[in-house]
Amino acid sequence: MQSTWKLSIVAILSLFVLTIVEINALPAYATYFPNSLNVPCPTDSVGCNGTTCIGVGHGNTTTSYCGVVSGAFSSSTYQQLDYWGSTFASAQGANFDWSVACKEDYDQDGQYNGLELGDPCCVWSSGGNPRFTTLISHPGNPTATTTRPPCYGTNVTAPGAPQNVRVSTYPPLTASTGLLLWDPPTEGCFCGYEFEFDGEELTNLTNNLLDITGVFDIQGYVDPLTNYTFRVRAVNLALDLPGAWSNYLYFGTKQAGIPGIMDPPEQTATAPGSLTLDWEEPSYNGGTNITNYIINFDNQIADYGANTTWTWTGLGRGTYVVSITPKNKFGTGPASIPTAYVVTADASLMAMSIPFLAGIFLWML
């Protein structure tokens, strides 16, 4: 009886270990393609445990096996591969290249793999986050498709026009810097933007997060006190079906010159007999870099270079009035509003307080 009991325990543990091994083997290729653990079970799948498919690629030409190896089907059955699995195993295997596979249609349902797996622009790489995590469909089952519009292949439609093209208010437009913004199209699929800046067409496929506000940095494209035109349109993956152009944006840069007024500095640290102030360059730097800050510290004027923080030490208790004047290569701007800062303890008094109190204590003894 005891031997039978032990054999039963061993058999159960062996089955458990084998099950764990087979279950954990399924995500072994999970890093090879996006949303690998987020593929919904097709309606005709076998053994689906919940809503997502475990072991994408297992099945046959008519049915997907989406559950774990258990009583639902045998281990030998589970080793069958569907369109996705067989192509993965025979054509590429461990050398699987998503940038190539993304544009192919393994299950021949009319939708390329990247479209079904949330990467319609084929830009995902292992370890990264896919652009989309919704509207995912099984890439090895021809009965499972997504409603997402394609960016590549057949049935591609041109994306809509970007909307609300505008000049950023922060950071503000200067003589040489500024940002142009727009809202992305709401129709069709797109993978990047083309720009027309003052009559010259430019392409940018990588420097914009496609599903949030678009950004174009004008630095390097503009001169001071000059008017410009700008418009933008979205493009698909193959660049063969661009969308409609946005409306034109007309804007002009400011004249280069002296910097504008600064905000008062901020007191950032307190210590006996010291005062630490931090400051930021003025919102308008005159179209060029700030080279110096001239500081009036309680009627003592000095050049503090390009520093944006400073600590004064050895101060007595009291109030100190400070203003800062920015300077660039064109000249000196207006001073910040004179602002009072309080030092609450005298440095020399604090230095003597500890030995003084120690002396009193010893005297009392």
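Me: Which residue forms a disulfide with Cys121?
Reply: This is a predicted model, and a disulfide is assigned where two cysteine sulfur atoms lie within 2.5 Å. The sulfur of Cys121 has such a partner 2.0 Å away. The partner is Cys191.

Me: What is the handedness of the disulfide of Cys102 and Cys122?
Reply: The sulfur atoms of Cys102 and Cys122 are 2.0 Å apart. The torsion about their S-S bond is about -85 degrees, so the disulfide is left-handed.

Me: Is Cys122 buried or exposed?
Reply: Buried means under 20% relative accessible area. Cys122 has a relative accessible area of 14%. Because that value falls under the cut-off, Cys122 is buried.

Me: What is the torsion about the S-S bond of Cys151 and Cys189?
Reply: The sulfur atoms of Cys151 and Cys189 are 1.7 Å apart and form a disulfide. This link is left-handed, with a torsion of -100 degrees.

Me: Which side chain is joined to that of Ser137 by a polar contact of 2.6 Å?
Reply: Ser137 is in the loop between α5 (113–116) and β1 (163–167), and is buried with a relative accessible area of 4%. Its side chain also reaches the backbone nitrogen of Thr146 at 3.5 Å. The side chain at 2.6 Å is that of Glu116.

Me: Is the aromatic pair of Phe197 and Phe230 stacked or edge-to-face?
Reply: The ring centres are 6.3 Å apart and the planes make an angle of 65 degrees. Planes over 60 degrees apart count as edge-to-face, so the angle settles the class. The pair of Phe197 and Phe230 is edge-to-face.

Me: Over which ring does the charged end of Arg148 sit?
Reply: A charge counts as sitting over a ring if it is within 6 Å of the ring centre and within 35 degrees of the ring normal. The charged end of Arg148 is 3.8 Å from the centre of its ring. That ring belongs to Phe132.

Technical notes:
Residues numbered from 1 in each chain as written. Predicted model: local features only at pLDDT ≥ 70, side-chain atom pairs only at ≥ 80, totals over all residues. Heavy atoms only, no water. Phe/Tyr/Trp six-rings, centres within 6.5 Å; stacked < 30°, edge-to-face > 60°. Helix = DSSP H or I, 4+ residues; strand = E, 2+ residues; numbered from the N terminus. Buried < 20%, exposed > 50% of the residue type's maximum accessible area, 1.4 Å probe, protein only. Polar contact = N/O pair within 3.5 Å; in protein donor to acceptor, adjacent residues only side chain to side chain.
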